[in-house]
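Here is a short briefing on one helix and the core around it. The structure comes first, then the notes.

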Amino acid sequence: MPIIVNLDVMLARRKMSLSTLAATVNITLANLSILKSGKAKAIRFSTLAAICQALDCQPADILEHRPDPADLRPSAE
């Protein structure tokens with residue numbers, strides 16, 4: 001998938017544990033772990049906003065787009 005989740009990087013920079021972030025954002029540790037591992041298929045904007053507020057960062061600090069040529073499909077023209 002071309003979207004990379006850098007939540008672990010931001011947690012390390014802020015010296016915050018995943019469990020502390022989960023409590024601050026009011027999200028389960030299991031769901032936050034899924035997001036951190038990159039296995040999440042979606043994230044609500046309200047959750048992303050709460051994470052950014054707790055970590056004092058921008059969404060681009062957490063989410064990164066790395067295009068993968070294998071993911072590109074030929075257009076149906």
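Thr 47 lies in helix H4. Helices are DSSP runs of H or I with at least four residues, strands are E runs of at least two, and both are numbered from the N terminus. This is a predicted model: local features need pLDDT of at least 70, side-chain atom pairs count only at pLDDT 80 or more, and totals for chains, interfaces and linings use all residues. Residues are numbered from 1 along each chain as its sequence is written, and side-chain values use heavy atoms, without hydrogens and water.

- H4 spans residues 45–55, and its buried residues are Thr 47, Leu 48, Ile 51, Cys 52 and Leu 55.
- Buried means under 20% relative accessible area, exposed over 50%, and partly exposed in between (1.4 Å probe, protein chains only).
- Asp 56 follows H4 and has a positive phi, near 50°.

**Contacts**
- Contact means heavy atoms within 4.5 Å.
- The buried residues of H4 pack against helices H1, H2, H3 and H5 and strand E2.
- Thr 47 counts as buried because its relative accessibility is 18%.
- Beyond its neighbours within four places in sequence, Thr 47 contacts Val 25 and Ile 27.

**Core**
- The largest nonpolar core has 16 residues; Leu 7, Leu 21, Leu 32, Ile 51, Leu 55 and Ile 62 touch the most other members.
- H1, H2, H3 and H4 each supply at least two residues of this core.
- Such a core is a set of buried Ala, Val, Leu, Ile, Met, Phe, Trp, Tyr and Cys residues joined through side-chain atoms within 4.5 Å.
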